[in-house]
Each structure stands twice: as C-alpha cells, then as structure tokens.
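User: I would like to learn how to read a fold from a model. Can you take me through it feature by feature?

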Amino acid sequence: MQKYISQLNEAQQEPVLQKDGPMIIIAGAGSGKTRVLTIRIAYLMSLGVDAFSILALTFTNKAAREMKKRISDIVGASEAKNLWMGTFHSVFARILRSEADKLGYPSNFTIYDTQDSVRLISAVIKEMQLDKDIYKPKQILSRISSYKNSLITVKAYFNNPELQEADAMAKKPRMGEIYQNYVERCFKAGAMDFDDLLLKTNELLNRFPDVLAKYQDRFRYILVDEYQDTNHSQYLIVRALSDRFQNICVVGDDAQSIYAFRGANINNILNFQKDYEGVKTYRLEQNYRSTKNIVEAANSIIDKNKTKLDKVVWTANDFGNKIKVHRSVTDSEEGRFVASTIWEQKMQNQMMNGHFAILYRTNAQSRAMEDALRKRDIPYRIYGGLSFYQRKEIKDVLCYLRLVINPKDEEALIRVINYPARGIGDTTVEKLTIAANHYKRSIFEVMQNIDKIDLKLNSGTKQRLQDFVTMIQSFQVINENQDAFYLADHVSKKTGLVQELKKDATPEGIAKIQNIEELLNGIKDFTEGQKEIDGARGALSEFMEDVALATDLDKDTSDEDRVALMTIHLAKGLEFPYVFVVGMEEDLFPSAMSMSTRSELEEERRLFYVALTRAEKQAYLTYAQSRYRWGKLTDSEPSRFIEEINGEYLEYLTAEETNYRYKPMIDNDIFGDVDKSKLRLAKPIGGTPPKYITDNEPKSDINVRKLKPVSSNAASGTANLFDNKLTLGNVVMHERFGKGEVINLEGVGADKKAEIKFEVGGIKKLLLRFAKLDVI
Ligand code: ATP
Ligand code: MG
C-alpha cells in the first residue's frame, strides 16, 4: 500500500491518509481527484475497513468498474468485489429492489427509460385531450423530472400555489394533472423512471427510520466523485446516509459543473462546509494530465467566469504544442480536416485510434465526422445518441423480456402486443387501456380476465389476447428454470420477431438481425460471467437491470481500438492524448439556447473548460464558416470561446491544399533559427502518406504554419481584413450585422480587434482575423 501512497504528491496524500470525518477536495481538472478517491478506498481497506461498508458513487458505471479494477490490483480481487460502487442510479436501484415492498412496488419493478416516459406522457396528454403542441411531451417530462429532483411530489405540487401559477403562466394550467396521471400510471405498471430511483430512495430513507439506520450503519465510508454535478435529490441521499458516521469524502471541481440543466446544484459543493461539522478542505493544484499550454489556456478561459471558487492549477509537464485552431468553409471540410489529421498523427507518432477523441456540443454534429472517418477507414465509436439498447429491434426483444419479468409493464406491453402483427388492433388496445384505468388494474390483468369483462370484443380477438397471455406465461416458466440467454433466444424465435425481420432482405434488415445476435451474445457473456462468479444462474432480471441503467459509456465493452466520438457532457472525467473540439461556432457552442443569461453562458464556458481539459498532449479547436443546421445551410461566426483564450496559447492553421495535407512552411518568423534540414515532414508525393524522418527532435510546429491572411485562401468566401488597413471612421459591411462604423481599433496582427457600431444591433467588438467585413 505504501508504494501506491508514495506515488501521490503530498497534497494528494493528505486526504488519502485522513481516515475519518467529513472532507471535501476541491481541485481543477486533471489534478488527481479520481485517483485520490481510488487510492483512499484501497487505503481504507488496508486498514481493515470492510469492503461491504464502503460506498463509492461515480459519474458512470464504467468509471466505477475502472476504479474497482485498480483497487483489485492493490488489495486483491476477492476483497474488492464486495465494494458498493456505481452511479447513484444503479446503487440505489439495487437498494430499492430489496426494499420495494415498503413503498408498494414489486421488487421486480421495471425501470422506464426516457423513450418509455415520453410515450406514456404522450398517451396521457392524448387521453386528457390536450394540445400536444402546447403540452410538448419531452418538455413536460423534463418539467416532471425537475420536480422530482427537487423532491416536489404530486402532493407537494398541489400544495404549492406558486408552482401552479408558474405553470399556468407558461400556458400549462393542467401540468399538475398530467404529473399526477403520469405518476399513477407508472405506479400501476410497477415502473419507476430514472428520477424515481432517487426520489423513491429519499422517500424510503425519510419514511422508514429503521431502513435509514440500516444503511447508515452499513455504509460507514461514503465517497462521491464529480460532486459538483449532484442534484438536490442526490445530495439529500448522501446527506442522510452519511449523517451517523460522517465519514464522507466528496471530490469535485466547481469549474466543471455542467449539469445545471438537469438540476445539478453547484451549491452542494459550495455549502459542503456548512453541512458537516469539522470539514477538512483539501485543494490539489498540480495537474498531471495536460501540457502547460493546455492547462494555462484552460485557466485563461475559466478566468472569464464571475461565479467561481479561486483555484490554482499548474503543471510541471512540458509546454507541448500550442492549441491548434482550424477554420474550414463547411462542416464536411471540418470533418476532412479532423480525419486527415488523425491519420497523419497516427503515421507520424505511431498513435492508436483510441488516443483520439472528437468532442462536440450536440449529437447531430457527429454525422460529418463519421462520414470523413469512414472515407479514411478510421474505425470510430460514437457514444451517446441512440444507444444500442434503444434501437427498435433490440428494444422489441427487451420489451418482451421486460414483460416476462413484470407483466404489468404497460409500455413494454403496448409496444409488443401487436408486433409482430397478430391481429390485435389499436381499437382493442384502446379498450384494454380504458378498462385497465377504470378497474385500476394493469392491461395484462385485464387480458387475463378478458372472459369476465364485457369489452365488446369478438371471440377471435379474445382468443388472440388469451394466446398472448399464455405465451408470456410460458416464457415466465422458462425464466424460472433457465438462464437469461436460453430465455432470450427462445423469446426472439417464439414471438416471431426474428422471422419478421428475415422478411426484409435489405442491408438494413440484415443489420437488424445481426443486432439481435449481438444482443444475444451480450446476454450469453453475461450469463457465463454470472455463472463463473458464484454459481449463479445468470438470471434475466439481473441482466435487465444492467441494461436499464447502463450509461452510454458503459457499453464500451469491446477492446477494439477506435476513435471516440461523444458530446462534451459525456466526456467528463475522461482523458485522451489528442482532443478535437469541433463546431467551435457562435450559436452552436456556446449554444444559442444557452446564451440568454450570464449563468447560462458561464455554464457553457465551464463546458468548454471541461472539453479542453480532456486533452493530454494536443488540443484542436475547429470551426466551419457554414454548416447544415435543421436542413438549412447557415453561416456561422467563430465561437467567442476561441477569442477568450489567451492568444499566446493558440496557433492558427490554414489548409494549404484542398486535401488538407499540410506542406511544411519554412517561415523564419515561425521557426526562427531552426535548421531546416532537420524538418521531419517530407512533401507528400502523389497520394502516398507523408514520410517522416525519425530523429529525436520535438515533433511540434513542423507541418503547420501560422495563419496567413485569409484572402490568400482561395476557398474563403468574404474578404477578411486581418492585415488590411482598417482605420477609424471606416464604414464597413458585415455579413450578419449589416452596415456599421469603425469606432475603435486595438491589438496588433492576429489579435487586432475593431469596435464597430452597427446601425442595427449596436456596438460589437470583432476580431478582424475572423470578421467577415467589407469596407464600403
Ligand atoms: P477530472 O477533473 O478531469 O475528473 P481528476 O482531478 O479526477 O480530473 P485524475 O483523472 O484522477 O484527475 O488524474 C488525471 C491524470 O493524472 C490521470 O492520468 C492520473 O493517473 C494522473 N495522476 C494523478 N496524480 C498523479 C501523480 N501524483 N503522479 C502521476 N500521475 C498522476
Ligand atoms: Mg476525475
């Protein structure tokens, strides 16, 4: 153990060695917070603390697995396996299963995913005969989600006139009723949505002091990573569980708080000192992840935020290369730049695909990147977006399996009752739903009693409903005796799902069958793994729990070497040698939807800080002057965040050739007295890759050049005045802002800025390097 502790610096050792009491570690990105948590857990165990009594809450289950693996390496796998580790959702889902009866839920409750929730809300809105353009299901769900995360139950809602008034003002006077119906329907279906997992845990701990005492006694040491992004509901759980022993260690970085839109509350970190007595506060200042250029550039960004804790982040690492900024005319060109740079870097520095990450603000941006990577045959993997388990064919299989476990699960039932088609039409389903609501029973129960209720169904329909019930019940029998793989294989065949897909001989149809095979393989892996562990049967319910709570990063089980594509939100806590932050454009990043208040803009800025600090060696910022958004070609301005970085950490690239291979530019002003014979990049010959002479010279700055006047780039649209003579009083025309007068000039060269008073829109300060201006 001593060996591992000595690998930490002194500031990191202190919180590891403090065994008891409340403590908070506030520190910037890459300073070893997660590492400290990991070593601290191993250290506690080395002191004899029982693994069963340690609870560690992480941002993803993958992070928990990695942490567990490291701890296993230190203390041994048999010890580490008993640690309670995972996301809030997965840990508390597990606890809720064993306590479900207290809350009136079956222990086999279903976890509804967002798709299920949205569908159910749509159904409720329709049944209430409301206008779905006013009551937009997704919006309604996010409102309900925020109520739940603030512990505003339906009852609390109806006791709160202010909330009701606010909803009425927002033209949603019937919000409360929708909330109520939604909650009742979930309950009737034996289902919890994601937010329920936290809300119901709170309810459990509040209403049952004996249950609270049991878990307080059990979790004597609690550790929370990424504490800055906990919401109120999560905060209260941690607070309650740690109340007795007060051995609570949280780590976080206020500058990386990026989930306010989902209810994360930065005050949780700011108020921690007030919540516990005798809190020890630790700060880590040394960043081990990134180069000096990256660390300092990130510092210069976050400095622009007003709301922040004062923190120092420095690194002893090399300066490294500057952050490279690349402009392209279109988003597909941006993709080509990224793909060819990855390709070149792989050649030049023997990097693996997995050393590169492409981060974007919104999932929609992945398409252009994917196209370009495919053309270069670079394997990649997209995280987020429509995940594997949400694909239609997969979800169909899963919904049958859900029904086997919990036949009350209405979302699952409605999805598969007539798929593959078995002659049970919409009208029949509607009648069943109405009856189920009327009798306060599940649809499945209504179907089981179809002979006793008069729904005016013909005998053929009744028979088909009974056949469906019998089929599901036969699966239930199998489930009691066989493992999950056997059952899933049986279900996908016996329901006719596979036969249905086989009718479609198109590549898409074939891909769907392959996906089902992949699902079955996954289930097989799972059951084998379970059997190995402790002779368990590998039961379906455990697999389904994993699936319901798997975050997108968790599905990364393959060892294949791939470039990672993901949103910045998902990249939190991760690190990659090379990081491309793409789509650095106004209205995209910062997002047009998050610019109306200072606090929204500050959250976007923190998001940018998170993006930049994922990079170890090299960061690239790219933007396009135009891109397709909502099916329309739109012009864009470079993101203000590029400008906000202190210019000394940036280097502007210009594509010298349309194929984006960079010629070495032997400019004395860039390379100074460099001996040109040592330059590594030989000129590309024909279509072959550039060759590099291997010597030990640093590889930076060789195949790029500083930004030249944009007018020299044949591809550029409007003129750019970076090196033109613009003088006070000039009247200029700007593509977006129209006509204006230059009222001030500052800076030199690439940093030259003009203050322009536009006829419409007022005074704006523009970096001339970027501004699309014409003097008129
Ligand atoms: P983030 O805020 O992004 O979550 P973090 O503070 O959790 O970052 P870690 O991920 O724990 O930082 O550490 C960043 C990198 O620095 C990791 O690769 C880690 O192994 C390494 N590291 C941390 N501390 C040390 C150390 N004392 N010596 C060497 N490497 C270290
Ligand atoms: Mg971390």
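**Reading the fold**

Analyst: Start with the whole chain. This is a predicted model. Of the 776 residues of the protein chain, 43% count as buried. The chain holds 32 helices and 21 strands.

User: What share of the contacts with a separation of 6 or more comes from residues 24 or more positions apart?

Analyst: That share is 74% in the protein chain.

User: Which domains does the assignment give?

Analyst: Five are listed. Domain 1 is 1-99 + 200-284, and domain 2 is 110-189. Domain 3 is 314-379 + 561-652, and domain 4 is 390-501 + 513-527. Domain 5 is 730-775. Taken over C-alpha atoms, the centres of domain 1 and domain 5 are 51 Å apart.

User: What does UniProt list for residues 6-291?

Analyst: An unreviewed UniProt entry lists "domain: UvrD-like helicase ATP-binding" there. In the model, residues 6-291 are 53% helix and 10% strand. The end C-alpha atoms of that span are 23 Å apart.

User: Which residues carry the "transmembrane region" annotation?

Analyst: The unreviewed UniProt entry puts it on residues 41-60. Compare the record with the coordinates. Residues 41-60 are 30% helix and 20% strand, and their end C-alpha atoms lie 18 Å apart.

User: Now strands. How do strands of a sheet pair?

Analyst: They pair through backbone hydrogen bonds, either parallel or antiparallel. Take β7, residues 248-252. Strand β1 (residues 23-27) runs parallel to β7, joined by four bridges. M23 has C249 of β7 as its bridge partner. Strand β6 (residues 221-224) also pairs with β7 in the parallel sense, over three bridges.

User: Is β7 mostly covered or mostly open?

Analyst: Mostly covered: five of its five residues are buried. Check each face in turn. I248, V250 and G252 are buried on one side, and C249 and V251 on the other.

User: What is the strand order in the open sheet of five strands?

Analyst: The order is β20-β19-β18-β17-β21, with antiparallel pairing. Look at the ends next. The edge strands β20 (762-767) and β21 (773-775) each pair on one side only. From one strand to the next, the twist averages 40°.

User: How many bridges join β17 to β18?

Analyst: Four bridges link β17 (residues 731-734) and β18 (residues 738-746), which run antiparallel. V732 has G740 in β18 as its bridge partner.

User: Where does K752 lie?

Analyst: K752 sits in the loop between β18 and β19 (753-758).

User: Why is K752 called partly exposed?

Analyst: Count neighbours. K752 is partly exposed because 19 other C-beta atoms lie within 10 Å, and a buried residue needs 20 or more. K752 and S46 are 706 residues apart along the chain, with 59 Å between their C-alpha atoms.

User: Which residues of α7 are buried, and what covers them?

Analyst: D116, S117, L120, I121, V124 and I125 are buried. Their cover includes α8 (137-149), α11 (175-188) and α21 (410-416).

Conventions
Residues are numbered from 1 along each chain as its sequence is written. Chains are lettered from A and ligands numbered from 1 in the order in which they are written. This is a predicted model: local features need pLDDT of at least 70, side-chain atom pairs count only at pLDDT 80 or more; totals for chains, interfaces and linings use all residues. Two strands pair if DSSP finds at least two bridges between them. Helices (H or I, at least four residues) and strands (E, at least two) are DSSP runs, numbered from the N terminus. Axes are lines fitted to C-alpha atoms, for helices over the stretch in contact, and angles run from 0 to 180 degrees between N-to-C directions. UniProt positions are given in the numbering used here, feature names are shortened, and annotations may be inferred rather than shown by experiment. A residue is buried if 20 or more other C-beta atoms lie within 10 Å of its own, exposed if 12 or fewer, and partly exposed in between; C-beta atoms are placed from the backbone. Two residues are in contact if their C-beta atoms, placed from the backbone, lie within 7 Å. Domain bounds come from an automatic or database domain assignment.
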